[in-house]
Amino acid sequence: MSSTPTEPHDALLALARGGDLAAFSQLMEELQPRLLGQALAFCGDSHRAQDLVQETMIAAWKSLPRFDGSCRFFTWLYVILLRQHQRALGWFARRLPLATLEQQAAAKQFEPATAGEPQAGGAAEAELLRAMLTALPPRHREVVRLRFYADASEAEIAAALGISSGTVKSRLHHALTKLRRMKEKVNRLRGAAH
Amino acid sequence: MSTPTPDENQPMRDALQRDAARVPEPAFDATLHYATMRRLRALAEAKSATPWLRRAPVLAGTAIILVLGALVFVRQPPSAPRTTPPEVIASLAPPAAAPRASLLAYQVAANDGDTALFALLDRDATTLLPASSPLFNTTLP
């Protein structure tokens, strides 16, 4: 990467990378709410989201020496969060076939709290969008989440995932096309129902 | 000169951006934070103790302790009624502050296979009932 993104936590990061647990704790105090919000948004259940954040923090501490600053620290954390979620999802998918239904039910409970706006259609659209995201292949879902939910640039995503910018662009394009086609299919089905 | 084709995926980009803006940022969860930091401190302590453990012939030591324990057990007269001292019973209860892996950690370990799961269970068992526990120095009733 030609330019390193500006990092507001440089000093704390440097201390934490040197093994300073207190500095890491301070860093996580700042980033935990955002991380928890994201975890809640894609797993829908508060207990699971807390577990996910806890495992992410532990994995981040273990791999902190490998963080090279080529992307923002939050982007790097977000990748860990996604991978932890993916691993847990694998377990649920194999052993609890109803996990998806459970997740959807939890997401329904979560939606009204997330959207304070009056329109129920917005919440329904959000629910549909999140269901479509779940249906994407993991590598496509990963770039979409990083680009739109972690607000990472394509160059940052490339650095965080260890892939080229071209691959990021390509995955993003394919993911958006798949999402668009899913949406079109849903709209056709809705049109046929009316 | 050709006109640029409109991005067919732009509405999807807009929808994703709207959804991302809707994701709430909950308040800082102090309980979660301190529970995690307790686990991390335990990990850091375990890591600092590991070099010593690596040098020690762990397996040989364990085998010797097991043999000695078995000898003591066999040589004890069976007539004397054996009671478990209260401090031993107390040591059976898990310490409240002992950091343990989360449910998700167990799920992930199970996902990785039996070896990973047993390693995690062993680690927690060691924390909850350490080898230094008086239980291991006293025969059971």
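Modeller: In this predicted model, two rings of Phe, Tyr or Trp count as a pair if their centres lie within 6.5 Å. By this rule there are five aromatic pairs over all chains.

Biologist: Why is the pair of A:Phe24 and A:Trp61 called tilted?

Modeller: The ring centres of A:Phe24 and A:Trp61 are 5.2 Å apart, and the limit for a pair is 6.5 Å. Their planes stand at 55°. Planes under 30 degrees apart would be stacked and those over 60 edge-to-face, so the pair is tilted.

Biologist: Which parts of the chain does this pair link?

Modeller: A:Phe24 belongs to helix α2 of chain A and A:Trp61 to helix α3 (residues 46-63) of chain A, 37 residues apart.

Biologist: What makes A:Phe24 and A:Trp61 buried?

Modeller: The cut-off for buried is under 20% relative accessible area. A:Phe24 has 0% and is therefore buried; A:Trp61 has 16% and is therefore buried as well.

Biologist: Why is the pair of A:Phe73 and A:Trp76 called stacked?

Modeller: The centres of these rings, A:Phe73 and A:Trp76, are 5.6 Å apart and their planes meet at 25°. Stacking requires planes under 30 degrees apart, so the pair is stacked. Both residues, A:Phe73 and A:Trp76, lie in helix α4 (residues 73-95) of chain A, three residues apart, or about one turn of the helix. Together with A:Phe67, they form one aromatic cluster.

Biologist: How do you know whether A:Phe73 and A:Trp76 are buried or exposed?

Modeller: The limit is again under 20%. A:Phe73 is at 0% relative accessibility and so counts as buried, and A:Trp76, with 13%, is therefore buried too.

Biologist: What sits over the ring of A:Phe74?

Modeller: The charged end of A:Arg34 does, 3.9 Å from the ring centre of A:Phe74; the distance limit is 6 Å. A:Arg145 lies over the face of A:Tyr149, at 5.3 Å from the ring centre.

Biologist: Which residues have the most contacts inside the largest nonpolar core?

Modeller: They are A:Phe24, A:Leu64, A:Phe73, A:Tyr149 and B:Leu16, in a core of 68 residues. Helix α2 (residues 21-43) of chain A gives the most to this core, with 13 residues. In soluble globular proteins, nonpolar side chains tend to be buried together.

Biologist: Why does A:Gln84 count as buried?

Modeller: A:Gln84 has 9% relative accessibility, and therefore counts as buried, the cut-off being under 20%. A:Gln84 is in helix α4 of chain A. Leaving aside neighbours within four places in sequence, its contacts include A:Thr56 and B:Leu104. A:Thr56, in helix α3 of chain A, has a relative accessible area of 0% and is therefore buried.

Biologist: How many residues does each chain bring to the contact between chain A and chain B?

Modeller: Chain A brings 51 residues and chain B brings 36 residues. The area buried between chain A and chain B is about 4,000 Å², and carbon and sulfur atoms give 64% of this area. A:Gln54, A:Arg87 and A:Phe148 supply 15% of the area that chain A buries against chain B, more than any other three residues.

Biologist: Where in chain B is confidence lowest?

Modeller: Confidence in chain B is lowest in helix α4 (residues 86-92) of chain B, at a mean pLDDT of 56, and highest in helix α1 (residues 10-22) of chain B, at 92. The mean pLDDT of chain B is 76. Where pLDDT is low, the predicted coordinates should not be read in detail. The model scores ipTM 0.79 and pTM 0.65.

Technical notes
Residues numbered from 1 in each chain as written. Chains lettered and ligands numbered in written order. Predicted model: local features only at pLDDT ≥ 70, side-chain atom pairs only at ≥ 80, totals over all residues. Heavy atoms only, no water. Core = buried A, V, L, I, M, F, W, Y, C linked by side-chain atoms within 4.5 Å. Buried < 20%, exposed > 50% of the residue type's maximum accessible area, 1.4 Å probe, protein only. Helix = DSSP H or I, 4+ residues; strand = E, 2+ residues; numbered from the N terminus. pLDDT = per-residue confidence, 0-100. Phe/Tyr/Trp six-rings, centres within 6.5 Å; stacked < 30°, edge-to-face > 60°. Lys NZ or Arg CZ within 6 Å of the ring centre and 35° of its normal. Contact = heavy atoms within 4.5 Å. Buried area = accessible area lost by both parts, 1.4 Å probe.
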